[in-house]
Amino acid sequence: MAASTAAARGARAPARPAGHRWHRLDRTVSPYLYLSPFFVVFGVFGLFPMLYTGYVSFTAWRADRPGSEGRWVGLENYRRLLDDPFFWNAVKNTLGIGVLATVPQLLLALGLAHLLNYRMRGRTLMRLGILLPNVTSVAAVTLIFVQLFGRDFGMVNWFLSLFGVDHVDWQAGTLSSWSAIAAIVTWRWTGYNALLYLAAMQSVPFELYEAAALDGASRWRQFRSITIPMLRPTILFTVIVSTIGALQLFGEPMLFSQQQDPTTGGSQHQFQTLALYSYNQFWGRFKYGYGAAISWAMFLLIVLVAAVNFLAARRMRGAE
Amino acid sequence: MTAGRSRATRQLTAGRGVYVVLGAAVLLSLFPLYWTLVAASRSNTEIHRMPPVLLPGGRLWHNATQVFAQTDLRLAMVNSLVVATTVTASVVLTSTLGGFAFAKLRFRGRGPLLASVVATMMVPTQLGIIPLYIMMANWFHWADHLQALIVPAAANAFGLFFMRQYLVGAVPDELLDAGRMDGCTTRGLVWHVVLPAARPAMSVLGMLTFMAAWNDFYWPKVVMTQQNPTVQLTLSELASGYIKDYSLVLTGALVASAPVLVAFLLMGRQIIDGIMQGATKG
């Protein structure tokens, strides 16, 4: 094939030198041309703002103080951050909601995927059903759940009252608000992750299970010793992606709040996440520099947690 | 254990317990949306009855006209439609071209560039939100204009990678070589070989992009105002304030979700296939 291509080129080149040169230019330039839209958009609206956030975080820029733009204060914003109780409160809330919103979700997804992997009737309908929550918007879903979690007339409390639990004010408590927000996230994302796990399960060679069954391994043992290790790359992927998502929660806590200022995250800031706090400082209090410092702190937290999760998930293999 | 005779018998057949558990999961997934339909078709007092009413009423039309009368939902729907379709067209086009370049063209720096695209998928989007707002408001003067929502979303790493993964397998190298031998330019190859082969993945990517653009909340909340809202902003406005008419709020949620729900019902199978294929190839 290569030889015939060269021959064809050789035959044509003398006749159409201009066309030949055009062809070579086309082959060198086209790839970069096709990739340029992404790299231009990412460079201007992705990379540059990120780096600029770093710069702004070293300044005392406040939108309500003309002339403060670019006033260099070094690490002052970060030093203040360390003494800011609201910042640490937001870190605590973000991590707490993060754990409640990801761990049960991924375990549920794993279980669902295992069941969906059985041969059954109506499997497409089942898959459509569990994915449906994922296509609805954060805003719509959160407002629906706010109604369901209503203190006096919400269906969740009505259901709990059948078991003698009295009117829970879901927004008021720390654990109750965290759980409610985590439930919203879990409802929206479990089906999606289940489909990812299912896809990975379907690519596990059946012979492995046959061999294990011959060796007398129980179903549970097969699930632990074959399915989980074979799913490790997918599990790793979902853990990282849901960690990144959960640590950036914004719309859910904001719309869940019933306060006049929804960026406070509840009457006692009990569910004010880092994203919400950053927005509150930047948008509500005009503190561009301080808000940018919170953004970077949030990024560092995400990197840290993702790295810990990554290492933990990698050790899974070591344990097997 | 039935040893695998054919592909079909290789999976274990589901017992009754599997159906029961999965059925419950599907019901839990559907119930909040079904309840939204019930609430949207009843009055505020009706949905506050205990025990709750569980069947739809006859007030859907009435509630919907109320929502449209009380809010800018009409403008918001038009805005969201313009933004989502423009972004979708742009993302599908740029991703297909870029994905083709990564999948099938040889050029210097391909490996590092592809790695950088994958790396950017891991970067949290919120990191640059403050400067992005400053750029839009102070430099471009785009704050509260639709281009502030469209241009930054015109291409993304996920789409690029998604199309690359699909095109690696979907376009045979022999076909491209043959095209080259016939004197096809790269643009000619895109037109005659790549686009026809990429159509299934393009429609899935288009669907996912449209939904994401339609559903986006954070960035529109930052850069747009209630003067020129998207659907999600109007929805959040409808729900703010102390005294809420929940039947209207949930009507708004239903109307705001209707386009993506319809799209999902029409294309759900392909979307599921797209998500699952992406998972194994990634």
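This is a predicted model: local features need pLDDT of at least 70, side-chain atom pairs count only at pLDDT 80 or more; totals for chains, interfaces and linings use all residues.

Colleague: Fine. How many helices and strands are there in chain B?

Modeller: Chain B has 13 helices and zero strands. Read from the N terminus, the order of elements is α-α-α-α-α-α-α-α-α-α-α-α-α.

Colleague: Is chain B spread out or compact, going by the radius of gyration?

Modeller: More spread out than a compact globule, because its radius of gyration is 24 Å, well over the 19 Å that the globule rule gives for 282 residues. Along the principal axes, the C-alpha atoms of chain B fill a box of roughly 70 × 70 × 30 Å.

Colleague: What share of chain B counts as buried?

Modeller: 41% of its 282 residues. As for contacts in chain B between residues at least 6 apart in sequence, 72% of them join residues at least 24 apart.

Colleague: Which domains does the assignment give for chain B?

Modeller: Domain 1 covers 14–58 and domain 2 covers 72–281. In chain B, the contact between them takes eight residues from domain 1 and seven residues from domain 2.

Colleague: And which helices supply the domain 1 side?

Modeller: In chain B, α1 (16–40) and α2 (44–47) each supply at least two residues of the side of domain 1 that touches domain 2. The largest share, four residues, is from α1(B). By class, that side of domain 1 of chain B has four nonpolar, three polar and one charged residues.

Colleague: How far apart are the centres of the two domains of chain B?

Modeller: 31 Å, taken over C-alpha atoms.

Colleague: Last one: which residues touch the most other members of the largest nonpolar core?

Modeller: A113(A), L143(A), I181(A), A194(A), Y197(A), L235(B) and A253(B), in a core of 152 residues. Helix α8 (residues 174–202) of chain A gives the most to this core, with 17 residues.

Colleague: What is Y197(A) in contact with?

Modeller: Leaving aside neighbours within four places in sequence, Y197(A) contacts A109(A), L110(A), A113(A), L231(A) and T234(A).

Terms used:
Residues are numbered from 1 along each chain as its sequence is written. Chains are lettered from A and ligands numbered from 1 in the order in which they are written. Domain bounds come from an automatic or database domain assignment. Two residues are in contact if their C-beta atoms, placed from the backbone, lie within 7 Å. Ala, Val, Leu, Ile, Met, Phe, Trp, Tyr, Cys and Pro count as nonpolar, Asp, Glu, Lys and Arg as charged, and the others, Gly among them, as polar. The radius of gyration is taken over C-alpha atoms; the globule rule is 2.2 Å times the number of residues to the power 0.38. A residue is buried if 20 or more other C-beta atoms lie within 10 Å of its own, exposed if 12 or fewer, and partly exposed in between; C-beta atoms are placed from the backbone. A nonpolar core is a set of buried Ala, Val, Leu, Ile, Met, Phe, Trp, Tyr and Cys residues joined through C-beta atoms within 7 Å.
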